[in-house]
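Subject: Structure handover

Hi,

Here is the structure for you to look through. My notes on what turned up follow below it.

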Amino acid sequence: MTRENLEKNIVAILVDEFEFENPGLNDNLRDVHGFDSIDAIELLAKIEEMLGFQLSRKEKEQAMSIRTINDILDYIVSMQDAHKTD
Amino acid sequence: MTRRVVITACSAITPIGYKKKDIIKSLREGRSGVKPLRDDGLLTDHIHSKVFGTVDYPIDYGFGRKDTKTMGPVAYYACQVAKDVLAASGLSQDFITSGRLGVSFSSTHGSPTIQRNIYKTFFGNLENGFSSIGAVDYLKSMVHTTAVNITRMFGITGRVIASSTACTTSSQSIGFGYEMVKYGMQDAMICGGADEYDTTTVAVFDNLLACSVDYNDTPECTPRPFDTNRDGLVVGEGGAAVLLEEYESAKARGANIIGEVIGFACNNNGGDLILPNLDGITSTLRLALQDAKCNPEDVDFISAHATATKMGDVIESQAIDQVYGSKPYVAGLKSYMGHTMGTCGAIEMILSLYMMEQGFLAPTLNLETIDERCAMLNHVPEVIETKTRIAAIQNFAFGGVNTCLLVRDV
């Protein structure tokens with residue numbers, strides 16, 4: 001999936017299911033949108049569904065440093081690359 | 001030193017209405033909230049009892065995802081009635097978050113709907129490898145989900161009590177909240193209970209031959225507490241909350257004082273976990289009177305537990321007769337809506353407060369031919385216009401838990 005498509009999908013998820021209003025790619029997710037640890041776990045499940053494979057515990061822990069939508073996109077791209085041979 | 005504890009707000013979502021005026025209308029007009037059991041696509045066809053105390057009107061919750069992401073259906077009921085009592089109370093935001101306000105609230109077993117979803121997810125997705133259960137399903141389904149969703153929604157930082165004791169859940173919630181305020185551990189408590197639509201509970205009572213089955217085609221004719229032709233309980237749903245406050249501070253801030261909790265008792269039968277126990281129940285009723293420092297003849301009205309089971313109503317009648325004789329009026333309010341399980345004590349207290357305020361007593365619905373073993377009581381035969389000064393709310397649960405709350409008009 002291209003970064004452009006990923007962005008479209010992630011923003012749609014954040015707006016439709018996490019009730020984000022006017023999300024900016026570099027907004028601080030917690031400060032601007034009240035995104036918390038529960039949301040992070042829920043979003044990871046959505047990302048797994050989108051990617052079509054399960055993330056390892058270690059890979060999920062890496063997501064805990066995410067702060068912005070751009071970070072989310074970087075993370076997904078890196079996961080896609082890491083699982084290319086799966 | 002002990003402090004007086006008053007009720008300064010209440011709210012109940014019940015099968016006979018949500019707003020006070022709707023509930024009072026139902027009580028005055030003898031309108032039942034028992035309806036045909038809704039199909040759950042799983043157990044309904046296997047259950048003999050086809051009736052349920054149903055909340056079938058829309059409720060405008062207005063909760064955002066920030067709140068609902070940790071809420072199952074039971075927490076919607078709980079948070080809605082908690083929101084109502086806080087709004088009606090006029091308590092300041094500073095007080096609400098001060099640590100001096102606590103929550104005593106629970107349900108029979110959290111959210112069975114979410115628990116069922118967990119198993120569906122688990123067993124349904126094993127083969128494709130996506131067996132992960134929703135990360136917040138535990139928060140939505142755990143036994144104290146109602147209490148902590150209330151704290152979360154309103155930023156409450158005081159004590160949390162989540163007593164989950166089946167049919168005495170919310171009467172214990174109120175009783176323990178009363179003790180928190182009475183003994184100075186908290187200045188105010190939001191107390192109550194909730195239970196959502198759930199066929200598991202119906203199935204359990206059905207298997208115990210305790211559910212009503214003879215009135216499946218005429219749901220409004222059951223349950224029939226104290227009636228010769230009663231055939232068991234009807235499970236129901238709902239949510240109810242009361243706000244308890246220390247009397248002096250409530251008075252000083254000009255709060256609307258609805259009533260006063262003057263006594264509470266709770267004990268256990270110390271044996272059988274199902275059968276009602278005359279000694280245990282009688283003891284509870286007497287302990288509550290002692291706590292309230294009042295005599296049996298001071299009590300004007302008894303809201304009986306009265307589930308309409310064959311043995312339960314008889315044992316309760318004997319207990320009332322032993323403790324009170326035939327002076328106080330007695331009614332079984334479950335006759336209007338079935339047994340709302342963890343919610344029933346709070347609902348029955350609120351209905352009693354409404355009737356105290358309005359100066360009437362509603363009769364036990366469907367009580368047409370009084371069982372001779374229950375006939376020694378002073379049953380409310382029809383709507384009576386009368387002033388109630390002190391009311392007793394009695395509840396008994398599986399597990400041998402008995403409770404009695406005494407409230408007074410202020």
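This is a predicted model: local features need pLDDT of at least 70, side-chain atom pairs count only at pLDDT 80 or more; totals for chains, interfaces and linings use all residues.

The charged part of the lining includes B:D195, B:E196 and B:D198. Also in the lining are B:F52, B:T108, B:H109, B:P112, B:T201, B:V235, B:G236 and B:M341. The space inside comes to about 70 Å³. The count of cavities of 30 Å³ or more is one.

Next, the open space. The largest pocket holds about 620 Å³. Its lining takes in 34 residues. Which of them lie nearest its centre? They are B:A210, B:T307, B:T309, B:G312 and B:F398. By class, the pocket lining splits into 18 nonpolar, eleven polar and five charged residues. Helix α12 of chain B gives the largest share, five residues. In chain B, α9 (199–207), α12 (310–324), β14 (390–397) and β15 (401–408) each supply at least two residues of that lining.

Now the packing. In soluble globular proteins, nonpolar side chains tend to be buried together. Here the largest nonpolar core has 44 residues. B:L27, B:V242, B:L244, B:M349 and B:V407 have the most contacts inside that core. Helix α13 of chain B (residues 344–358) contributes nine residues, the largest share. There is also a second, separate core of 32 residues, with B:F63, B:C79, B:A82 and B:M153 among them.

B:L27 is worth a look on screen. Leaving out residues up to four places away in sequence, B:L27 touches B:I16, B:L333, B:Y336, B:L351, B:M355, B:F360, B:A362 and B:V383.

B:L27 also belongs to helix α1 of chain B (residues 20–29), where B:I23, B:I24, B:S26 and B:L27 are buried. Why do the buried residues of α1(B) line one face of the helix? Seen down the axis, they fall within an arc of 160°, so they line one face. An α-helix has 3.6 residues a turn, so residues three or four places apart point the same way. On the other side of α1(B), B:K21 and B:E29 are exposed. After α1(B) comes B:G30, with a positive phi near 65°.

Best wishes

Conventions
Residues are numbered from 1 along each chain as its sequence is written. Chains are lettered from A and ligands numbered from 1 in the order in which they are written. Side-chain values use heavy atoms; hydrogens and water are left out. On a 1 Å grid over the protein atoms alone, a cavity is a set of points where a 1.4 Å probe fits but cannot get out, and a pocket is an open set with protein on both sides within 12 Å along at least five of seven lines; lining residues have an atom within 4 Å of a point. Grid points are joined across faces, edges and corners, and a volume is the space filled by probe spheres set on the points. A nonpolar core is a set of buried Ala, Val, Leu, Ile, Met, Phe, Trp, Tyr and Cys residues joined through side-chain atoms within 4.5 Å. Buried means under 20% relative accessible area, exposed over 50%, partly exposed in between (1.4 Å probe, protein chains only). Helices (H or I, at least four residues) and strands (E, at least two) are DSSP runs, numbered from the N terminus. Contact means heavy atoms within 4.5 Å. The arc is that of the directions from the helix axis to the C-beta atoms.
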